[in-house]
Amino acid sequence: MRSRTWMAVVAGLAVVVVGFQFLAAQSQVSVAKAAEPAAAPHAQEMSKVTMAVAVVHALGDHKVKGKVTFTQKDDGVEIVAELTGLTPGEHGFHVHEFGDCSMADGKCAGGHFNPTGMPHGGPDDAKRHVGDLGNIKADDSGKATYKRVDKLISLNGSNSIIGRSVIVHAKADDFKTQQPPGNAGDRIGCGTIGIADPKMQMAH
Ligand code: CU
Ligand code: ZN
């Protein structure tokens, strides 16, 4: 009788000890969890992309080449492009979904970057692909410049263009035709968009 009582007491104590250990482990878990959110936003803030660059090279037998920069401004992303080796006139100018410029016809760059499922349009249209940057116009010497602040394109988040590509077309984008989008003809230039160091780019 007596030894049974002791056994019951010992068993009861064991349950209490295990219970305390369980609670202690739980509180450690919750402490670890509580510490995470404080660290994460800081890390994200530190790694926010503020500038990107694409070096455009010619596809196939075409001659176009140059550079496109994307810089975060207060009211959007400023896009500045300088290209040479174009035929005079307007050329469709887009961000395409994939950053793969390895094929001579540029097909592996995919379609226009369109994360919001919109129809094709011009850069100032309310409904457009995120990648619809309109046209870049070359002068008689084949030189073209482009400078605009875009409200849709982003360097971070779901509309981020990092790792995608800039494509230059043989013909002008009409902003209307849906298939092929803009009816801008062949892909003649391609550049993969990468993260740039603003300090290095300013020094140029
Ligand atoms: Cu295109
Ligand atoms: Zn488009």
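Strands β7 (residues 165–169) and β8 run antiparallel and are joined by five bridges. One of the pairs puts V168 opposite G189 in β8. This is a predicted model, and in it eight strands close into a barrel with antiparallel pairing.

**Overall layout**

- The protein chain has two helices and eight strands, and along the sequence they follow the pattern α-β-β-β-β-β-β-β-β-α.
- Going around the barrel, the strand order is β1-β2-β3-β6-β5-β4-β7-β8.
- On average, neighbouring strands of this sheet are turned by 20° against each other, direction ignored.
- Strands of a sheet pair through backbone hydrogen bonds, and that can be in a parallel or an antiparallel sense.
- Of the 204 residues in the protein chain, 32% are buried.
- If you take contacts between residues at least 6 apart in sequence, 61% of them join residues at least 24 apart.

**Strand β8 and its partners**

- Why does β8 count as largely enclosed by the rest of the structure? Seven of the nine residues of this strand (residues 187–195) are buried, so that's how it ends up enclosed.
- Besides pairing with β7 through five bridges, β8 is joined to strand β1 (residues 51–58) by five bridges, again antiparallel.

- Six bridges hold β1 and β2 together in the antiparallel sense, with A54 standing opposite V68 in β2.
- β1 and β2 make a hairpin with six residues between them, and G60 in the turn has a positive phi of about 60°.
- β2 then pairs with β3 over nine antiparallel bridges, and one facing pair there is T71 opposite E78 in β3.
- β2 and β3 also form a hairpin, this one with two residues between the strands.
- Over at strand β5 (residues 132–138), two bridges make the antiparallel link to strand β6 (residues 144–150).
- K137 sits opposite T145 in β6.

**The nonpolar core**

- The largest nonpolar core has 32 residues, and those with the most contacts inside it are V56, L83, I161 and V168.
- Which elements give two or more residues to this core? They are β1, β2 (65–73), β3 (76–84), β4, β5, β7 and β8.
- β3 supplies the largest share of the core, with four residues.
- V168 is one of the residues with the most contacts inside the core, and V168 is also the residue that stands opposite G189 in β8.
- Leaving out residues up to four places away in sequence, I161 touches A52, F70, V95, F113, I153, L155 and I193.

**G99, a glycine in a loop**

- G99 is in the loop between β4 (89–96) and β5.
- Is G99 buried or exposed? It's buried, because 22 other C-beta atoms lie within 10 Å, and the cut-off for buried is 20 or more.
- Setting aside neighbours within four places in sequence, G99 is in contact with G163, R164, S165, T192 and I193.
- G99 and I162 are 63 residues apart in sequence, yet their C-alpha atoms are 8.4 Å apart in space.

**The loop between β7 and β8**

- P180 lies in the loop between β7 and β8, and a cis peptide bond, with omega of about -5°, joins Q179 and P180.
- F175 is found in the loop between β7 and β8, and F175 has a positive phi of about 65° although it isn't a glycine.
- F175 counts as buried because it has 20 C-beta neighbours inside 10 Å.
- N183 lies in the loop between β7 and β8 too, with a positive phi of about 45° although N183 isn't a glycine.

Notes
Residues numbered from 1 in each chain as written. Chains lettered and ligands numbered in written order. Predicted model: local features only at pLDDT ≥ 70, side-chain atom pairs only at ≥ 80, totals over all residues. Pairing = 2+ DSSP bridges. Axes fitted to C-alpha atoms, helices over the stretch in contact; angles between N-to-C directions. Buried ≥ 20, exposed ≤ 12 C-beta atoms within 10 Å, placed from the backbone. Contact = placed C-beta atoms within 7 Å. Core = buried A, V, L, I, M, F, W, Y, C linked by C-beta atoms within 7 Å.
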